[in-house]
Amino acid sequence: MEITKSNTILFRNTMRITDGHLDGFRRAIAQAVTFAQEHGPQLMVEVFIDEERMLAHSFQLYRNSEAIRAHWRLSDPYIREVMEHCTVQHFEIFGAPDHDIVAALKTPDGGSFPFVVSPRLAGFNRLGTPSLDESHS
């Protein structure tokens, strides 16, 4: 069996929505996802909400560490807006991001939050999305 090589990195962000901020959080997330869809390098973004526990879960799939850096450069205002309505409860990284990505994991105001990195063992995908270089050919 051949195991597909991949540099993809998956983020799973669990956020606790601040009491009284549910509507603001929903608006900020909607704007951030729309911006990412139109301009971001992510291969996939999905956000799920558990209103009863006031938790949200965001999944973002990146082609590689450079795509994460591009996302951070482009999306900083949208990230800041979302963070006005929540706190990071737990952050998980699946894959092998560059060391500078791991070192830069902070809130927009520079605070730290709990996270874990789990290196890839095996897998495949059927996304079939062309790389950024291929899409400009």
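**Contacts, sheet and helices**

Biologist: With which residue does the side chain of His 85 form a polar contact of 3.0 Å?

Modeller: This is a predicted model, in which local features need pLDDT of at least 70 and side-chain atom pairs count only at pLDDT 80 or more, while totals for chains, interfaces and linings use all residues. Residues are numbered from 1 along each chain as its sequence is written, and side-chain values use heavy atoms, without hydrogens or water. A polar contact is a pair of N or O atoms within 3.5 Å, where within protein one must be able to donate a hydrogen and the other to accept it, and residues adjacent in sequence count only if both atoms are side-chain atoms. At 3.0 Å, the side chain of His 85 has such a partner in His 21.

Biologist: Is His 85 buried or exposed?

Modeller: His 85 lies in the loop between H2 and E4; helices (H or I, at least four residues) and strands (E, at least two) are DSSP runs numbered from the N terminus. Its contacts (heavy atoms within 4.5 Å) include Arg 16, Ile 17, Phe 25 and Ala 28, leaving out residues up to four places away in sequence. Buried means under 20% relative accessible area, exposed over 50% and partly exposed in between, with a 1.4 Å probe and protein chains only. Because its relative accessible area is 12%, His 85 is buried.

Biologist: In what order do the five strands lie in the open sheet?

Modeller: The protein has four helices and five strands, and from the N terminus its elements run β-α-β-β-α-β-α-β-α. Strands pair if DSSP finds at least two bridges between them. The pairing in the open sheet is mixed, and the order of its strands is E2-E3-E1-E4-E5.

Biologist: Which strands form the edges of the sheet?

Modeller: From one strand to the next, the twist of the sheet averages 15°. Each edge strand pairs on one side only, and these strands are E2 and E5 (115–118).

Biologist: Which residue of E3 stands opposite Phe 11?

Modeller: E1 and E3 run antiparallel and are joined by eight bridges. Seven bridges join the antiparallel pair E2 and E3, where Phe 48 faces His 57 of E3. Opposite Phe 11, the residue of E3 is Gln 60.

Biologist: What angle does the direction of H2 make with that of E1?

Modeller: Axes are lines fitted to C-alpha atoms, for helices over the stretch in contact, and angles run from 0 to 180 degrees between N-to-C directions. H1 packs on the sheet, touching E1, E2, E3 and E4, with a direction at about 170° to that of E2. H2 also packs on the sheet, touching E1, E3 and E4, and its direction makes with that of E1 an angle of about 10°.

Biologist: Which residue caps the N-terminal end of H2?

Modeller: Buried residues of H2 include Ser 65, Ala 67 and Ile 68, and elements covering the buried residues of H2 include H1 (22–39) and E4 (86–94). At the N-terminal end of H2, a side-chain oxygen lies 3.2 Å from the backbone nitrogen of Glu 66, and the residue providing this cap is Asn 64.

Biologist: What is the relative accessible area of Met 54?

Modeller: Met 54 is found in the loop between E2 and E3. Most residues other than glycine have a negative phi. Met 54, although not a glycine, has a positive phi of about 55°. This residue counts as buried because its relative accessible area is 16%.

Biologist: How far apart are the C-alpha atoms of Val 88 and Phe 113?

Modeller: Val 88 belongs to strand E4 and is buried because its relative accessibility is 13%. Its contacts beyond four places in sequence include Asn 13, Met 83 and Phe 113. Val 88 and Phe 113 are 25 residues apart along the chain, and their C-alpha atoms are separated by 6.4 Å.
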